[in-house]
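Keep the sequence and the 3D view side by side. The paragraphs below walk from one to the other.

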Amino acid sequence: MDYRNYVIAAYAFFILALLWDFIAPRMRIRQSLHDARRQAAQQDAARQRHSNTSSTNNNELQR
Amino acid sequence: MNRVTRWFHQLGSPPYFDRFAARWAPWLYAVGALVMLWGIWQGLFVVPSDYQQGDSFRILYIHVPSAWMSMAVFGLMAVYAAIALIWRIKLCEILAMACAPIGAWFTLITLVTGSIWGKPMWGTWWDWDPRLTTELILLFLYLGVIGLYHAIDDRRTAARAAALLAIVGVVLLPIIRYSVVWWHSLHQGQTISLFGESKMDASMLPPLWAMVIGTHVWFGGSLLARARADNIRRESGKDWVSRLGREKPAQDASNEPASKGAR
């Protein structure tokens with residue numbers, strides 16, 4: 001094939017660019033969902049702490 | 001309200017759009033990739049080589065569809081940007097900003113593959129030819145839109161500023177298109193015509209059309225995936241995103257009916 005190296009280089013760049021175009025949004029979605037999960041876990045933990053504190057306070061009051 | 005109108009209204013809802021994008025992006029990617037694979041196979045191994053350019057003309061099968069996409073995506077981005085500015089539709093802001101990186105990639109592919117083709121054919125990697133120069137300016141415009149969108153903290157203000165740049169930038173598209181007509185320079189004139197007769201031999205055209213269709217369908221998948229990513233990021237903290245995060249702990253963004261949690 002004439003100019004084989006040029007053709008290979010051009011197609012390789014095209015495929016790599018499209019691969020990155022495929023991977024990049026998936027990485028961003030994964031990161032956003034990871035953040036959302038962490039945020040949800042923190043909220044759950046805060047809620048848990050709050051309910052523990054209020055039940056302790058109630059017990060104190062009852063005594 | 002008929003079904004289509006209702007569907008458009010529903011699409012404006014972030015959780016609904018998330019479900020829509022998660023469902024359709026992988027299909028568009030897959031169909032686009034398959035069509036392009038067929039085009040690449042035909043373009044590399046089936047179509048005969050050119051009598052003057054030899055095999056280097058095969059670069060055209062990725063260069064031309066990418067060049068068309070680079071301009072079409074910018075046009076579409078400007079349309080979304082105008083809708084977002086006029087009617088303040090958040091989804092259109094997201095879609096406009098999702099167009100920018102995809103268009104930038106296609107522009108970069110156009111410039112790089114053109115340069116690789118230019119070395120054996122023109123004897124140089126680069127020339128300040130009007131077509132090449134305007135395409136380079138298009139890349140800078142894309143980068144400007146992306147940069148502006150990420151430079152401002154408030155997403156909506158950022159999107160509006162970037163949208164304005166996208167609309168102004170549209171003036172470049174006819175200059176790119178007609179640069180080979182207005183200035184007879186190094187870059188060849190129009191060889192392939194969408195509606196008229198092409199100057200290429202008919203046997204060389206099917207892989208080109210396959211690549212044109214494939215890149216368009218791929219773009220659809222990429223647009224939905226990128227818009228979905230931005231949509232989730234903008235909506236972080238909302239209940240539906242938290243549910244999505246909770247219910248898909250080990251899964252990547254894998255886009256299968258991903259957003260059951262949002263229902």
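Predicted model: local features only at pLDDT ≥ 70, side-chain atom pairs only at ≥ 80, totals over all residues.

Residues are numbered from 1 along each chain as its sequence is written, while chains are lettered from A and ligands numbered from 1 in the order in which they are written.

Start where the chains meet. Chain A gives 27 residues to the contact and chain B gives 38; two residues are in contact if their C-beta atoms, placed from the backbone, lie within 7 Å. On the side of chain A that touches chain B, 17 residues are nonpolar, 2 polar and 8 charged. Here Ala, Val, Leu, Ile, Met, Phe, Trp, Tyr, Cys and Pro count as nonpolar, Asp, Glu, Lys and Arg as charged, and the others, Gly among them, as polar.

Now turn to chain B. Helices are DSSP runs (H or I, at least four residues), numbered from the N terminus. How do H4(B) and H5(B) cross? The axes of H4(B), residues 90-122, and H5(B), residues 130-151, come within 9 Å and cross at roughly 150°. Axes are lines fitted to C-alpha atoms, for helices over the stretch in contact, and angles run from 0 to 180 degrees between N-to-C directions. H4(B) is therefore roughly antiparallel to H5(B) (over 145 degrees). The residues of this contact divide into 15 nonpolar, 4 polar and 1 charged. Among them, Met97(B), Ala100(B) and Leu111(B) are on the H4(B) side, and Leu132(B), Glu135(B) and Tyr149(B) on the H5(B) side.

H4(B) is largely enclosed by the rest of the structure, because 24 of its 33 residues are buried. Buried means 20 or more other C-beta atoms within 10 Å of a residue's own, exposed means 12 or fewer, and partly exposed is in between; C-beta atoms are placed from the backbone. After H4(B) comes Gly123(B), with a positive phi near 80°. H8(B) is mostly covered too, with 21 of its 30 residues buried.

Leu136(B) lies in H5(B) and is partly exposed, with 15 other C-beta atoms within 10 Å. Its C-alpha is 27 Å from that of Phe195(B), 59 residues apart in sequence. Asn5(A) sits in H1 of chain A, residues 4-62. Asn5(A) has 10 C-beta neighbours inside 10 Å, so it counts as exposed. The C-alpha atoms of Asn5(A) and Arg47(A) are 62 Å apart.

Terms used:
Helix = DSSP H or I, 4+ residues; strand = E, 2+ residues; numbered from the N terminus. Parallel < 35°, antiparallel > 145°, perpendicular 65-115°, else oblique.
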